[in-house]
Amino acid sequence: QVQLVESGGGLVQPGGSLRLSCAASGSIFSISVMSWYRQAPGKKREWVASITSGGVTNYADSVKGRFPISRDNAKMTVYLQMNSLKPDDTAVYYCKNARSGAWGQGTQVTVSS
């Protein structure tokens, strides 16, 4: 069974950066697609980015070029580097393991001056 724990959220000014981490437990991490999603207040949860076990990445248009996703299979951790943050990026960010369907508990990101 895969368990996921996100960290790295916080309050940041527009234009700033944050790096989110998602630490996983479970033996299937290295062979699983890992994804980040986010949910803003009053909105549906939306997909942000994904990375395959081999490092192939995909991004939502809203974050392409700003939020590179990466993973360290040895550490069983996936990262989301968030650059050039905007107020519209304010949301709870979740990671998901595609193979197991497991979600993390989420980490709050607030972009505000």
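The S-S bond of Cys22 and Cys95 has a torsion of about 60 degrees, so this disulfide is right-handed. The term disulfide here covers a pair of cysteine sulfur atoms within 2.5 Å. Keep in mind that this is a predicted model, where local features need pLDDT of at least 70, side-chain atom pairs count only at pLDDT 80 or more, and totals for chains, interfaces and linings use all residues. Residues are numbered from 1 along each chain as its sequence is written, and side-chain values use heavy atoms, with hydrogens and water left out.

**The disulfide**

- The structure has 1 disulfide, and the sulfur atoms of Cys22 and Cys95 sit 2.0 Å apart.
- Cys22 is in strand β3 (residues 18-25) and Cys95 in strand β9 (residues 91-97), so the pair ties together parts 73 residues apart in sequence.
- Strands (E, at least two residues) and helices (H or I, at least four) are DSSP runs, numbered from the N terminus.
- Cys22 and Cys95 are both buried; that label means under 20% relative accessible area, with exposed being over 50% and partly exposed in between (1.4 Å probe, protein chains only).

- Rings of Phe, Tyr and Trp (its six-membered ring) pair if their centres lie within 6.5 Å, and planes under 30 degrees apart count as stacked, over 60 as edge-to-face and the rest as tilted.
- Tyr37 and Trp103 make an edge-to-face pair, at 4.9 Å centre to centre with 65 degrees between the planes.
- That pair links distant parts of the chain, 66 residues apart: Tyr37 belongs to strand β4 (residues 34-39), while Trp103 is in the loop between β9 and β10 (107-111).
- Tyr94 and Trp103 have ring centres 6.3 Å apart and planes at 90 degrees, so they are edge-to-face too.
- Tyr37 counts as buried at 19% relative accessibility, and so does Tyr94 at 13%, whereas Trp103 comes out partly exposed at 33%.

**Arg45 over the rings**

- Arg45 lies over the face of Tyr94, 3.7 Å from the ring centre.
- The charged end of Arg45 also sits over the ring of Trp103, 4.6 Å from its centre.
- The criterion: NZ of Lys or CZ of Arg must be within 6 Å of the ring centre and within 35 degrees of the ring normal.

**The open sheet**

- An open sheet is built from 4 strands in the order β1-β3-β8-β7, with antiparallel pairing; two strands pair if DSSP finds at least two bridges between them.
- At the edges stand β1 (3-7) and β7 (69-72), each with a single partner strand, so one side of each has no neighbour in the sheet.
- Neighbouring strands in this sheet are turned by 20 degrees against each other on average, direction ignored. Axes are lines fitted to C-alpha atoms, for helices over the stretch in contact, and angles run from 0 to 180 degrees between N-to-C directions.
- The antiparallel strands β3 and β8 (residues 77-82) are joined by 6 bridges, and Ser21 stands opposite Tyr79 in β8.

**Around β9**

- In β9, 5 of the 7 residues are buried, so this strand is largely enclosed by the rest of the structure.
- β9 pairs with β4 in the antiparallel sense over 6 bridges, and Gln39 stands opposite Val92 in β9.
- β9 also pairs with β10, again antiparallel, over 3 bridges; the bridge partner of Tyr93 in β10 is Thr107.
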